[in-house]
Amino acid sequence: MIEKRVKVTNRLGLHARAAARLVHTANQFHSVLRLERVDDKATADAKSILSVLMLAASRGTELSAQAEGLDEAEAIDALSQLFSNGFGELEK
Amino acid sequence: MSGLLKRDLTEEHWHGLGVSEGHVLGRVLRIDNSSSHVYHAVLDEAEAKRELDRFHQALQAARQQLLAIKEKAENELGSEYAYIFDAHLLMLEDRKLCEEVENYIVREKANAEWALRVVADDLLAVYSSIKDDYLRARGSDIEDVTQRILSALTGNKPQYANLTRDAVVVSADLSPSAVAELDLQHARAITTDAGGWTSHTAIIARGLGIPAVVGLRDLYRRTRTGDRIIVNSYEGEVVLHPSAATLESYQRESASRKIPPRTSGVRHAPEPLRTIDGVDVVLRANVELPAEFEGVRTFGARGIGLYRSEFLLSQEGVLLSEDEQYEAYLEVATLAAADGATIRLFDLGGEKIHAGFGSERNPALGLRAIRFGLRNEDVLRTQVRAILRAAAKGRLDIVLPMVSDLSDVRRARAIIDDERLRLSGEGKEIGAIKVGAMIEVPSAVVLAGSIAKEVDFFSLGTNDLVQYMLAVDRGNDEVSDWFRSLHPAVLQSVVTVHQAAARASIPTVVCGEMASTPAYAVVLIGLGATDLSMTPAAIPRVARAVAGIKCAEAKAIASTCLGCSTADDVEQTVREQFLERWPQLFPPNSLPTPKSPSFSTQPERHIGR
């Protein structure tokens, strides 16, 4: 299993649009993908939008992205990319 | 008239939150979006298996419908809105939802409808406890998807009536997919009893450029399809059964409106606002919920004059940690940018903090606001620390609510100074903040001169000042005739407070609903106010009034008002003088009408915010 720290940087946090992109991306991989809040250890299945929304991750929330499976490295890269570009919606 | 029962068609005014701009007249089309009823059947093993198949087929059917809706939304709204239905599609395919429903069917041998309802209700309960308003609002998306699957199970497809050309859609709560499915090219406006700025219904209405007012509480129940209705989202107002006079002034206003009604989006940075005779006036925003943040920019507020921080505590008994508050204040500071934001310390009583806190016999005069903070220092200190830290990143000030004299100010300031030292000792970055006093208790008005020497600014809270000055409970309908913002005692207090502040060279911001009515705002300016804070949607209309008057004339009217001995006389003076001096700015229905029985005119209902 591999793990990487990511941070929610877009203003609205992991809201519907961002969560939809995240889940879309996660579903392209075979690995089991989980997100865990660093503060209270709440976890979510990154392939379930209901689960991801329930993390209620607002801007600034730190998460640990975890992947386990054959394509775990690619999956983690793809997810952390989404976080670092703020789901394509960072204000100028 | 087709109705058999005669109905009282008196004009009714309803107030909500304008979430998509426009001012239109139309006829009510009631859309019943209510949830379908679900029964519970107990099945045998074979039947339960069949239920699994039915559930999967329903998911398929729902998926097809959603894909069609998404395509329609993409064509009519553009792809930037279609994500809402991407999220719905993902919810439909969500493993968490599907697996739990399947497990429930198998385990409980229940029918698919019942299983889905139980699982969805559990999910909704979890969402409703989320502290973030935006994410909590996503519960309505889950309910929308649930309803879609339920109707696919029963084979019913929601049918929406064809819209007539002048239809104003009135609903208790409109689901986003209903909004997209309706033939909204023909809808004039949307109103809902529920909802806020971030509801997906509001977002879609903005995308379509259809005026929308939400949060109307109980309008749906009061309407019938076909009723005449005016929706004015600039003022967050809906007028049901408009009178002939109201219709006429609506026609006049829409004829003179230069801005096309279907424009939305952010306006440019506000020009300095001044009266014709060159007196600068600043208009700021009163803000409660993040849902209103967008309005601060849209309506061109000069920063936030009053942030009612107690609205952060959306759940009873749950206090936010210092870090959570820090994040919230940082967002407020970012939003207000260079103009800054004034954060009012929690204005609440014990009932909000401790579940089971004994109820007080007279809460308005009880242990609340700064009194509560001084009694519960940990709550006060946590909030002060969060504000001091956020102030390092933006311009924030603190205002102390419900101060009765200098002792409240001194005790609060000592705590603020103490936390300032402590934070610096801990090596944390803090910002320079100003500390002001809310002047809303009569004793503080009388002692304004001495208070002014030890605070950096005054915030004049007109709502509570009127309530306390006139000893009238503003929530009690029985005494609403006695609640008079234009009471001479209130006006004299406004002058006293401004003069005391001027002598101590500190600024005064008037924040309260009074400032959001153009005529009242002009009276306030006449009394010496130049800095007003109000609900963001009111800013454009107040700005229009301010730019169209001479301050000297407002002062002349105000001085006549100060000589009056009753509220009726003040209202009469305002009405006559405004009509005489500025007939084009203030149509008769925008002016106060004397309320005492001898002057009694057409009854008006003011409900809501």
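What percentage of the 609 residues in chain B is made up of buried residues? Buried residues make up 46% of them, where a residue is called buried if 20 or more other C-beta atoms, placed from the backbone, lie within 10 Å of its own, exposed if 12 or fewer do, and partly exposed in between. This is a predicted model, in which local features need pLDDT of at least 70 and side-chain atom pairs count only at pLDDT 80 or more, while totals for chains, interfaces and linings use all residues. Residues are numbered from 1 along each chain as its sequence is written, and chains are lettered from A and ligands numbered from 1 in the order in which they are written.

**Chain B as a whole**

- Chain B has 23 helices and 18 strands; helices (H or I, at least four residues) and strands (E, at least two) are DSSP runs, numbered from the N terminus.
- Two residues are in contact if their C-beta atoms, placed from the backbone, lie within 7 Å, and of the contacts in chain B between residues at least 6 apart in sequence, 69% join residues at least 24 apart.

**Strands around β11(B)**

- In strand β11 of chain B, residues 304-308, four of the five residues are buried.
- Strand β10 (residues 280-287) of chain B pairs with β11(B) in the parallel sense over three bridges, where pairing requires that DSSP finds at least two bridges between two strands.
- Strand β12 (residues 341-344) of chain B also runs parallel to β11(B), to which three bridges join it.
- B:Y307 of β11(B) stands opposite B:V287, and its bridge partner in β12(B) is B:I343.

**Strands around β17(B)**

- Strand β17 (residues 531-534) of chain B points B:D531 and B:S533 one way and B:L532 and B:M534 the other way, and all are buried.
- β17(B) pairs with β10(B) in the parallel sense over four bridges, and B:D531 is the bridge partner of B:V282.
- Two bridges join β17(B) to strand β16 (residues 508-511) of chain B, and these strands run parallel, with B:C511 opposite B:S533.
- β16(B), helix α20 (residues 518-526) of chain B and β17(B) make a right-handed β-α-β unit, meaning that, with the strands pointing away from the viewer, the path from the first strand over the helix to the second runs clockwise.

**Where chain A meets chain B**

- 19 residues of chain A are in contact with 20 residues of chain B.
- On the side of chain A that touches chain B, the elements that give two or more residues are α1 (16-26) and α2 (49-54) of chain A.
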